[in-house]
Amino acid sequence: DDDGSPDLPQLLCGVAIDPGYTVGTRQGCAATRIRPPYSWALNLCLKYFYVFRHRRQIAARSPSSPELVKRMLRESSMHETYKLSRRLSGCEDEDAWIRQQQANLGEILLPCLLLNSRDDPICVWDNV
């Protein structure tokens, strides 16, 4: 550098909030393995994200979207809320939605170390 300070090595890293497990809504997918109370918290987060945070964008997208959001509010299970939120993506079916959401690790050009704790309540060990 021109300012005389030494060059520091760069550390390139990434953090995943979704480690790339099967994201579908069918039985046996990652979303069906999350147990209470964590599933309750995620259910509330999904509702907050779609019902409150993005309400204007969703309402402008399609005349049927507000009705779908109302159905999401009535659902008590995280799995059912998750299934309804999938429909807001605009994908024609679940397979198209899975292709859109699934992580593509082949596109990552940096060395990565992916860790998962055996006692992680959200990304349960059965998903690894």
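The structure is a predicted model, in which local features need pLDDT of at least 70 and side-chain atom pairs count only at pLDDT 80 or more, while totals for chains, interfaces and linings use all residues. Residues are numbered from 1 along each chain as its sequence is written, and side-chain values use heavy atoms, with hydrogens and water left out.

The secondary structure of the protein chain comes to five helices and zero strands; helices (H or I, at least four residues) and strands (E, at least two) are DSSP runs, numbered from the N terminus. Along the sequence the pattern is α-α-α-α-α. Of the 128 residues of the chain, 27% count as buried. Here buried means under 20% relative accessible area, exposed means over 50%, and partly exposed lies in between, with a 1.4 Å probe and protein chains only. The accessible surface of the protein chain comes to about 9,800 Å², and 55% of this surface belongs to carbon and sulfur atoms. Accessible areas come from the Shrake-Rupley method with a 1.4 Å probe, and for residues only the protein chains shown count as cover. Among contacts between residues at least 6 apart in sequence, 60% join residues at least 24 apart, where contact means heavy atoms within 4.5 Å.

The buried residues are M78, H79, T81, Y82, L84, S85 and R86. They pack against α1 (38-53), α3 (65-74) and α5 (94-101). Helix α1 has its own buried residues, namely S39, N43, L46, K47 and V51. What covers these residues of α1 includes α2 (55-61), α3 and α4.

Two packed helices are described by the angle between their axes and the distance between the axes. Axes are lines fitted to C-alpha atoms, for helices over the stretch in contact, and angles run from 0 to 180 degrees between N-to-C directions. Angles under 35 degrees count as roughly parallel, over 145 as roughly antiparallel, 65 to 115 as roughly perpendicular and the rest as oblique.

For α1 and α4, the packing angle is about 25° and the axes are 9 Å apart. The two helices are therefore roughly parallel to each other. Their crossing is left-handed; this term applies if the near helix is turned anticlockwise from the far one by less than a right angle, and right-handed applies if clockwise. On the α1 side the contact is made by S39, L42, N43, L46, K47 and Y50, and on the α4 side by M78, T81, Y82 and S85. By class, this contact has five nonpolar, four polar and one charged residues. Ala, Val, Leu, Ile, Met, Phe, Trp, Tyr, Cys and Pro count as nonpolar, Asp, Glu, Lys and Arg as charged, and the others, Gly among them, as polar. S39 of helix α1 is buried, with a relative accessible area of 10%. Leaving aside neighbours within four places in sequence, S39 is in contact with I34 and M78.

The axes of α3 and α4 come within 9 Å and cross at roughly 170°. That angle makes α3 roughly antiparallel to α4. L68, R71 and M72 of α3 make the contact with T81, L84, S85 and R87 of α4. The classes here are three nonpolar, two polar and two charged residues. R87, in helix α4, counts as partly exposed at 47% relative accessibility. Not counting residues up to four places away in sequence, R87 touches L68 and R71. R87 and W97 are ten residues apart in sequence, and their C-alpha atoms are 8.6 Å apart in space.

Helices α1 and α3 pack at an angle of about 155°, with their axes 10 Å apart. That makes α1 roughly antiparallel to α3. The crossing of these two helices is left-handed. In α1, L46, K47, Y50 and V51 meet V69, M72 and L73 in α3. By class, the contact of α1 with α3 has six nonpolar, no polar and one charged residues.

Finally, P111 lies in the segment after α5. P111 counts as exposed, at 77% relative accessibility. P111 and L12 are 99 residues apart along the chain, and their C-alpha atoms are separated by 8.8 Å.
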